[in-house]
Amino acid sequence: MNGVVENTAWTNLRAGEFPLRQSEGITVVLGIGNPLCGDDNLGCETARLLNSCGFAHALVCEEVPENYTAEVKALRPRAIILIDAVDFSGAPGEIISLRREQLRSDRFSTHKPALSLLMHYLEAETGADVTLIGVQPKNRALHAPISPEVKESITCLAQLLAGLALPAESITA
């Protein structure tokens, strides 16, 4: 269930080709990141875009996703998707799908050492399938704008995730 997707591949990408699957029941998206630090804001921006398109359960968590666990548990989701900036030495904007067990690897850095603990907690408390979707950041400088490469990934991720829960015509790039 691990896959890296480069932006150039988005042209032909469909939900069935990415390691996320439609599930019966509720899918919750947690957008994680610092809204003041350039590409680190990508998780929050993806959740905002999903919300604007009618995705019912996209939460803008900023740097405190643990504060949303009660809300997530109350929804009784079948799937939980965390979106965050992840430094895996990829090209800016490159996307990777990770399971909790893979976060122990030295290859990946989410800049949040407790993220694997959050994923474990959510799995244990909800029984949901929990996945981290990481995007390689280009610039996390304070007050920097989101880079063009990461903006493209935000749009593509929102389209993919909305496709798991919404009709295709519900979201536009």
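Just after helix H1, Gly54 takes a positive phi of about 95 degrees. This is a predicted model, in which local features need pLDDT of at least 70, side-chain atom pairs count only at pLDDT 80 or more, and totals for chains, interfaces and linings use all residues. Residues are numbered from 1 along each chain as its sequence is written, and side-chain values use heavy atoms, with hydrogens and water left out.

H1 spans residues 42-52. Helices (H or I, at least four residues) and strands (E, at least two) are DSSP runs, numbered from the N terminus. The buried residues of H1 are Leu42, Gly43, Cys44, Thr46, Ala47 and Leu50. Buried means under 20% relative accessible area, exposed over 50%, and partly exposed in between (1.4 Å probe, protein chains only). An α-helix has 3.6 residues a turn, so residues three or four places apart point the same way.

| Residue | Relative accessible area |
|---|---|
| Cys44 | 0% |
| Cys156 | 11% |
| Asn34 | 14% |

The whole structure holds 0 disulfides, a disulfide being a pair of cysteine sulfur atoms within 2.5 Å. Cys44 is in none, and the nearest cysteine sulfur, that of Cys61, lies 7.4 Å away.

Now the cores. A nonpolar core is a set of buried Ala, Val, Leu, Ile, Met, Phe, Trp, Tyr and Cys residues joined through side-chain atoms within 4.5 Å. The largest has 20 residues. Leu30, Val72, Ile80, Leu82, Leu122 and Leu132 have the most contacts inside it. Strands S2 (27-32), S3 (58-62), S4 (79-85), S5 (95-98) and S6 (129-135), together with helix H3 (115-126), each supply at least two of its residues. H3 gives the largest share, 4 residues. A second, separate core has 19 residues, including Ala47, Ile83, Ile154 and Leu161.

Val72 touches Val28, Leu30, Leu59, Pro77, Ile80 and Leu122, not counting residues up to four places away in sequence. Contact here means heavy atoms within 4.5 Å.

Asn34 sits in the loop between S2 and H1. Leaving out residues up to four places away in sequence, Asn34 touches Asp40, Asn41 and Glu63. Its side chain makes a polar contact with the side chain of Glu63 at 3.4 Å. A polar contact is a pair of N or O atoms within 3.5 Å; within protein, one must be able to donate a hydrogen and the other to accept it, and residues adjacent in sequence count only if both atoms are side-chain atoms. Asn34 and Cys61 are 27 residues apart in sequence and 9.3 Å apart in space, C-alpha to C-alpha.
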